[in-house]
Amino acid sequence: MTQKPLICESPPCILNPAAPPDMQRASMNNRPATSHIRYSMLLLTMMVAIMLYLDRICLSIAGESVQKSLQLSDWQIAWLHSAFFWSYALFQLPAGWIGDRWGARRILTIYVILWSACTGLMGLAQGFVVFFLLRLGCGTFEAGAYPVAAGIVSKWMPPSEQGKGSSIVAVGGRLGGAIAPVLTTFLMASAAGLSLNWLAQGPWRLPFLIYGLIGIVLGIIFWLWFRDSPREHASVSEQEANYIQSGSHIKKEQIGAPPLTAMLTSLPLWLNSFVQFTSNFCWVFIITLFPKYLGDVFKTSTESQAWMQAIPLYAGIVGMLCGGWALDALIRRVGKRWGYAISLSVSRLLLVVAFLVSAFLGDAWSMTAAMALVALGTDLGIAAVWGYSQAVGGRYTGSILGWGNMWGNLGSAVSPLVFTAIRDSFDNKSNGWVAVFLVCALLQLLAAFASLGINGEKRLEDTASQN
């Protein structure tokens with residue numbers, strides 16, 4: 001029987017003493033002396049997150065053109081925004097568990113290619129029903145992206161760097177969101193100058209098609225370069241592999257069903273889910289209805305709306321980067337019990353202030369600044385959301401993050417419909433929008449108190465085994 005020269009089930013990786021000396025030397029020489037491949041994994045995962053938001057935000061800036069081209073009502077556009085988040089929410093847990101079970105390389109590649117195909121096909125849609133179904137499909141396949149990405153961070157970054165690792169990946173989403181309004185507007189303007197029959201019904205079709213094609217190419221690149229663990233990647237040195245796994249307690253074993261009983265009975269997890277629900281419920285205004293608000297209240301042009309929507313998302317990038325580094329420092333100082341809780345609670349209080357101010361502002365650029373504060377505050381807490389999931393999730397990190405994301409995106413799903421109903425309940429639309437901002441301020445105040453009950457000290461898997 002052929003002897004395996006290397007045993008790498010747990011760090012440190014050791015040589016098999018029964019293997020011939022030449023095989024032992026070959027196994028060591030096949031890897032570089034030093035490497036930093038983990039950062040390329042973060043960069044690649046961040047690129048996936050960029051496409052995630054390019055695809056989902058495209059409709060918000062192209063919505064007016066889509067509405068005119070397909071002759072849709074305001075409520076139909078609201079349902080197109082909402083449809084994505086319904087399927088995105090409901091498939092979070094199963095999509096995250098599938099990633100835990102069969103590995104990020106295989107599953108995330110499939111997800112990226114399928115959601116990109118749905119995005120591209122939206123550019124060919126001829127009516128509401130087809131567009132609606134494609135939005136559902138896009139949400140279904142995007143659902144696994146962040147849960148799988150959280151698992152990637154937990155496997156490719158040492159525990160001491162997972163806060164900033166999570167932030168770097170999540171920054172990709174905000175970067176994609178910040179690029180999307182301006183790039184989509186540019187592509188639509190470019191399409192208007194092309195004499196192509198399939199663009200005759202509306203220039204909005206071009207960005208959907210281009211984003212779909214780019215996403216499919218990215219999915220192929222992800223498959224070629226990514227590996228499910230450091231020791232499976234030939235370019236990772238033994239030194240880097242040992243460093244990544246230092247302090248990690250995730251066992252390499254078969255992934256079964258997620259610990260549903262522990263999840264359903266965990267008060268901190270429910271509090272975390274409530275915080276994510278309120279966070280998404282309010283934040284999603286920026287990527288869905290903010291351009292429409294600017295048009296309704298301030299009569300801003302489409303070009304101005306694109307920049308005003310992008311600026312808050314750039315502010316979110318600053319929040320994510322600062323939040324990741326601050327979380328790592330906070331946990332070193334006060335531990336996991338209060339590190340995640342304080343990070344989330346303080347950021348929610350910042351949102352209370354931002355939404356209260358928004359209710360009393362009277363020009364478009366002041367509102368843009370207020371929404372930038374909303375995005376900054378929201379994203380200061382993103383690293384804590386990911387970090388909490390990694391701390392309590394263990395080998396079920398994708399499932400736990402998927403659970404929280406499910407509730408968060410149920411908030412996103414109902415938000416456009418609730419906001420539209422609140423706005424339409426007032427004769428004066430400006431007063432309706434003020435009511436929307438006051439509701440958001442109240443929800444964020446409740447979330448700030450709920451955050452104080454979040455505890456990341458004990459893994460849910462361990463809790464389940466004790467019961």
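The points below go from the whole chain down to single residues.

1. Ground rules. This is a predicted model, so local features need pLDDT of at least 70 and side-chain atom pairs count only at pLDDT 80 or more, while totals for chains, interfaces and linings use all residues. Residues are numbered from 1 along each chain as its sequence is written, and side-chain values use heavy atoms, with hydrogens and water left out.

2. Overall make-up. The chain has 20 helices and 2 strands; these are DSSP runs numbered from the N terminus, with H or I over at least four residues for helices and E over at least two for strands. Of its 467 residues, 57% are buried (under 20% relative accessible area; exposed is over 50% and partly exposed is in between, with a 1.4 Å probe and protein chains only).

3. Surface and contacts. Take the contacts between residues at least 6 apart in sequence: 82% of them join residues at least 24 apart, a contact being heavy atoms within 4.5 Å.

4. Helix α9. This one covers residues 205–225, 21 residues in total, and spans 31 Å from first C-alpha to last, close to the expected 30 Å (1.5 Å times one less than the number of residues). Its buried residues include R205, P207, F208, Y211 and F222.

5. Helices α12 and α13. The axes of α12 (residues 267–288) and α13 (residues 290–298) come within 5 Å and cross at roughly 70°; axes are lines fitted to C-alpha atoms, for helices over the stretch in contact, and angles run from 0 to 180 degrees between N-to-C directions. So α12 is roughly perpendicular to α13 (65 to 115 degrees). F285, I286 and T288 of α12 meet F290, P291 and Y293 of α13. That contact has 5 nonpolar residues, 1 polar and no charged (Ala, Val, Leu, Ile, Met, Phe, Trp, Tyr, Cys and Pro are nonpolar, Asp, Glu, Lys and Arg charged, the others, Gly among them, polar).

6. L417 in α18. Where does L417 sit? L417 belongs to helix α18, residues 397–424, and is buried at 14% relative accessible area. Leaving out residues up to four places away in sequence, L417 touches W75, A78, W79 and S82. The C-alpha of H81, 336 residues away along the chain, is 9.0 Å from that of L417.

7. N405, also worth a look. N405 lies in α18 and counts as buried at 11% relative accessibility. With residues up to four places away in sequence not counted, N405 touches Q92, Y146, P147 and Q276.

Terms used:
Angles under 35 degrees count as roughly parallel, over 145 as roughly antiparallel, 65 to 115 as roughly perpendicular and the rest as oblique.
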